[in-house]
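Here is a short report on strands, their pairing and the helices beside them. Look at the model first, then read on.

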Amino acid sequence: MERKRHIGIRPDSAAGPDMGAIAADLVGLLHANAPADDFAARLAALEALPDAFPRKSGLIELARMAMGLRHRLEQHEQRERGMLAVIESAQDLASRLDLSELLKAIVIRARDLLRAHLCWLTIYDADIGEFKVVVADGAIAQRTGRMTAQRALGVAGVVMSTRLPFATPDYLHDNRFIHDPELDDIFRDEGVAALVGAPLIWEDSVIGLLFVADRYHRTHTALNVSILCTLATHAAVAINNAKAFADARSALEKAGLARAELEQRARDVQDAVEAHERLTSLLARGATLGELCQAVAQLLQGGILVLDEAHHVIARAAAPGYTGGAADAYGPYGPYGAALARSLKDSRRAGRSTIAYESDGEICRAIAVIGGDDVLGAVLLFRHEDMRDISIRTFERSSSVIGIVLLSQERMEASKRRDVSEFLRSLISPRQGEPALTRDDADRLGLDLSRPLTVMLVESDRPKPLSLARRARGTLALPGLVLDEVDGVLALVCAAEQATAVRQAVGEFARRELGDAYRGVLSRPVRGTAEIPALYASLRRALSIVARLGMGGRIVEQHEIALYSVLFETQDRASLNAFLASTVGPLIEQDRQRGTELAATLLAYLDQQQNATTIASMLGIHVNTVRQRLASAEALIGTWRDGSRALEIHVALRLWHIGVGADQRPDGLSFPSGPAA
């Protein structure tokens with residue numbers, strides 16, 4: 001009764017319900033935007049009236065018209081909200097630059113407009129052929145935001161093939177597509193039932209998908225699908241705009257880098273021009289090698305070493321404030337000697353500088369200095385990092401300037417050396433010059449020809465004796481010493497009383513420069529220059545004997561090898577080793593294995609006219625010990641009592657005493673194991 005009264009029906013009225021009151025009530029509902037349930041309640045109340053009520057059908061039609069009007073108003077409202085959302089999305093496209101924020105806003109709007117429980121957006125990764133979720137809203141399960149979909153499975157496969165939106169009211173039980181078990185499992189966790197997906201299309205390609213889903217069975221209207229497609233298009237535009245913006249920004253950055261590089265190159269060219277002008281100016285005013293090195297070090301901000309052809313340092317410099325220590329640690333035959341040699345070989349072949357090695361965070365760049373057909377030396381640059389190409393070119397041009405200075409110095413030195421060379425050659429030549437001129441030259445060089453003289457020859461296994469002579473002149477600053485390269489060896493002439501000091505100084509110099517790769521002979525004193533030519537010839541022969549005897553790394557006196565010069569001048573090293581092995585080999589092997597002194601005792605015995613008592617006194621041992629040693633020696637090598645055998649053994653022991661065969665193991669000499677016959 002109350003319900004009928006609410007809709008304007010008076011039960012005591014014979015005329016039936018008041019149509020005006022019912023119409024007013026329906027208009028009130030429309031004005032209040034009442035829910036559809038209220039209109040349905042009004043319609044149900046009217047339909048429940050008895051059929052005898054007058055105007056019942058008219059009242060029912062009036063209620064239905066009100067419900068239709070409400071539905072149209074709701075559709076207009078939904079279209080209006082969709083249009084506003086599209087406008088807001090378009091405004092975001094114009095105002096926002098951050099892609100993630102844009103996509104997030106689109107997903108939130110899609111979910112809100114379609115009154116959906118869940119919304120997510122995926123982007124297609126062509127490299128792996130999968131759609132990856134980039135934005136999700138309303139998800140419960142964590143796995144939802146990390147979903148991936150194969151392009152041929154699920155709704156994604158349908159949308160990719162048709163490029164049209166696709167909707168399903170019951171995803172998990174829809175058989176119109178191939179299901180992805182992993183996605184189905186995620187959707188079960190999420191409770192997804194209804195789903196609709198729209199493609200993100202750009203230039204006729206699907207670049208992503210926009211989905212909305214509900215946790216109940218639902219059929220989306222064409223308007224809903226249309227709004228979703230519009231938002232998907234906006235997402236595609238946003239993605240493409242972001243890509244275009246990234247490309248434009250990358251192009252702008254590249255243009256900026258190119259401009260900066262061009263400006264840097266212009267500065268480098270200007271610096272190179274100024275460097276060239278500075279080096280040319282220094283060269284024109286006759287700057288020293290040290291000044292040039294300092295200028296190059298400052299220009300390149302590093303450490304500079306100038307080497308001669310034997311890799312010895314002849315000049316060095318460092319830029320102010322440069323803290324590297326690799327240049328100071330450099331040695332001509334140090335741990336990086338082999339790497340430097342290879343680098344300079346490559347530099348000579350290519351005509352460019354190369355990186356030789358790295359040491360303690362410093363790079364050593366090297367270039368060979370060429371003068372004509374000869375190698376004058378090398379220039380090393382030490383820096384903490386390598387240089388740009390134009391700076392490398394500056395370094396290489398500076399090496400050419402240094403080469404000019406080195407060539408000039410070499411010519412000046414050759415001019416100064418010419419007098420010394422001519423003087424030495426006049427002394428050793430059988431056709432000596434005028435005595436008066438020779439004395440004048442000697443006086444000018446500080447050599448007194450009226451006093452006894454000695455001659456020394458030093459030979460090296462390494463090439464370039466001119467370089468060795470130049471370094472020797474700079475190192476052996478002894479008064480009255482005349483030296484130069486003559487016929488491939490280092491020749492020295494000095495007063496006889498200086499011979500010991502000169503021999504010691506030359507030996508130290510040779511060991512420092514050459515290691516053991518040298519040998520030398522010091523002559524006996526001579527009282528006049530007339531004896532020097534023959535003396536020089538004998539010293540040259542003695543050098544070859546020293547080489548055959550294997551006496552490297554020492555300077556011997558001429559009288560020490562006089563006997564061997566006669567006996568073994570035509571013998572090679574192998575023949576001498578064989579002679580030692582066959583004569584005193586077992587004796588030497590016995591001493592080596594057991595620490596006896598049989599060879600030394602026998603040599604002293606033969607040197608002292610075979611006097612055992614004298615030998616015992618000289619060696620500080622008992623005479624019986626001497627006799628026991630001699631007996632042991634005889635047991636090993638046989639008797640030496642006859643004169644020829646004694647001479648043979650004596651010569652062999654003298655060779656052993658001066659070091660012949662010392663670098664060979666006895667088994668390498670094939671020493672016999674039993675007594676000699």
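## Strand pairing and packing

Strand E12 and strand E14 (residues 489-495) pair in the antiparallel sense over 6 bridges. Strands pair if DSSP finds at least two bridges between them. Strands (E, at least two residues) and helices (H or I, at least four) are DSSP runs, numbered from the N terminus. The model is predicted: local features need pLDDT of at least 70, side-chain atom pairs count only at pLDDT 80 or more, and totals for chains, interfaces and linings use all residues. Residues are numbered from 1 along each chain as its sequence is written, and side-chain values use heavy atoms, without hydrogens and water.

E12 spans residues 453-460.

| Residue | Opposite residue |
|---|---|
| Val458 | Leu490 in E14 |
| Ile304 | Ala317 in E8 |

Now to an open sheet. Its 5 strands follow the order E8-E7-E11-E10-E9, with antiparallel pairing. E8 (313-318) and E9 (354-359) are the edge strands, each pairing on one side only. From one strand to the next, the twist averages 20°. Helix H9 (residues 289-300) packs on the sheet and touches E7, E8 and E11 (contact: heavy atoms within 4.5 Å). The direction of H9 makes about 40° with that of E8. Angles run from 0 to 180 degrees between N-to-C directions, with axes fitted to C-alpha atoms, for helices over the stretch in contact. Helix H11 (residues 337-350) lies across E7, E9, E10 and E11, at about 50° to E10.

Methods
Buried < 20%, exposed > 50% of the residue type's maximum accessible area, 1.4 Å probe, protein only.
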